[in-house]
Amino acid sequence: MARIAVIEDDEAIRSSLSELLSKNGHEPLVLHSFGNVVEDVLASSPDLVLLDLGLPGLDGTAVCRELRSRASVPIIVVTSRSTEMDEVMCMTLGADDFVPKPYSSYVLLAHVEALLRRVGGATSAILTHKGLSLDASRSVASADGKTVELTKNELRILSLLMRNAGTIVPRETIMCELWDSDAFVDDNTLTVNVNRLRQTLAKIGKGDLLVTRRGQGYSV
């Protein structure tokens, strides 16, 4: 579990982000006032910050700059100010990632998880679904007393699917989880990785758990 500060003035988006993070095993630290935003964030000791630039009465880029000058906490800027210049400015001021609005919840979550992995801020947990257990800290899956080791890509795919069990995860989201961007990834590469994961799960009798949703994505 990671503690994630949410700096967002839109109540509906703030609530949606909080629900998304909680559902996926994180602790959202939601700010409701912004008069002393930097001090409030630092006092909460988050593992990661989600920062909107359009805060009332504040320059979000200044908040980003001050946070970076005072702490090494990872920062993802999530904003409707999505020009190339906005992105360059934020990265120059110390942001670690930039996600323009509107965004897919799956894509944002993939960015969060990828950044947490890079900085070592996420605490691994054992996920279970339909008799399958995934121990991310050991990179193993088990069922009915049998255990198999997972490759790095198999672990990432299965972890993403199990965190979103019962829903269809789009192919593009999985590609972002694996390679941070789907821009230069051959679609067949993902198919190969998913098929390998299915074959690995078949060794413990769970190959059929991974379902292909044609034209949409995958689910467990």
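Tutor: This is a predicted model. Start with Glu8. Beyond its neighbours within four places in sequence, Glu8 is in contact with Ile13, Arg14, Leu31, Phe34, Asp52, Leu55 and Lys101. Glu8 is found in the loop between strand 1 (3-7) and helix 1 (11-23).

Student: Why is Glu8 called buried?

Tutor: Buried means under 20% relative accessible area. Glu8 has 3% relative accessibility, so it counts as buried.

Student: What makes the pair of Glu8 and Lys101 side chains a polar contact?

Tutor: The cut-off is 3.5 Å between N or O atoms. The side chains of Glu8 and Lys101 are paired at 2.7 Å, so the distance falls within the cut-off. The Glu8 side chain also reaches a backbone nitrogen, that of Asp10, at 2.9 Å.

Student: Lys101 again. How do you know that the peptide bond between Lys101 and Pro102 is cis?

Tutor: Look at omega. For the bond that joins Lys101 and Pro102, omega is about -5°, and the bond is cis. Pro102 lies in the loop between strand 5 (97-100) and helix 5 (105-119).

Student: Which phi value does Lys130 have, and where is Lys130 found?

Tutor: Lys130 has a positive phi of about 50°, although it is not a glycine. Lys130 is in the loop between strand 6 (126-129) and strand 7 (132-135).

Student: And what makes Lys130 exposed?

Tutor: Exposed means over 50%. The relative accessible area of Lys130 is 57%, so Lys130 is exposed.

Student: Why is Asp144 called exposed?

Tutor: Apply the cut-off of over 50%. Asp144 has 67% relative accessibility, so it counts as exposed. Asp144 sits in the loop between strand 8 (140-143) and strand 9 (146-149). Asp144 has a positive phi of about 50°, and it is not a glycine.

Student: Now strand 6. Why is Ile126, found there, called exposed?

Tutor: Ile126 has a relative accessible area of 56%, so it passes the cut-off of over 50%. Ile126 touches Ser133, Leu134 and Asp135, not counting residues up to four places away in sequence. Ile126 and Ser159 are 33 residues apart in sequence and 9.7 Å apart in space, C-alpha to C-alpha.

Student: What domains does the assignment give?

Tutor: The domain assignment gives domain 1 (3-120) and domain 2 (126-219). Their centres, taken over C-alpha atoms, are separated by 28 Å.

Student: How do you know that domain 1 and domain 2 are in contact?

Tutor: Contact means heavy atoms within 4.5 Å. By that test, 11 residues of domain 1 are in contact with 11 residues of domain 2. Between them, the two domains bury about 980 Å², 48% of it on carbon and sulfur atoms. Tyr106, Ala110 and Arg117 supply 53% of the area that domain 1 buries against domain 2, more than any other three residues.

Student: Why is the meeting of Glu113 and Arg163 called a salt bridge?

Tutor: The limit is 4 Å, from a side-chain nitrogen of Lys or Arg to a carboxyl oxygen of Asp or Glu. The side chains of Glu113 and Arg163 meet at 3.7 Å, N to O, so the pair is a salt bridge. The count between domain 1 and domain 2 is one salt bridge. The count of residue pairs in polar contact between the domains is one, with both residues at pLDDT 80 or more. On the side of domain 1 that touches domain 2, the residues divide into five nonpolar, three polar and three charged.

Definitions and conventions. Residues numbered from 1 in each chain as written. Predicted model: local features only at pLDDT ≥ 70, side-chain atom pairs only at ≥ 80, totals over all residues. Heavy atoms only, no water. Helix = DSSP H or I, 4+ residues; strand = E, 2+ residues; numbered from the N terminus. Buried < 20%, exposed > 50% of the residue type's maximum accessible area, 1.4 Å probe, protein only. Domains from an automatic or database assignment. Buried area = accessible area lost by both parts, 1.4 Å probe. Polar contact = N/O pair within 3.5 Å; in protein donor to acceptor, adjacent residues only side chain to side chain. Nonpolar A, V, L, I, M, F, W, Y, C, P; charged D, E, K, R; others polar.
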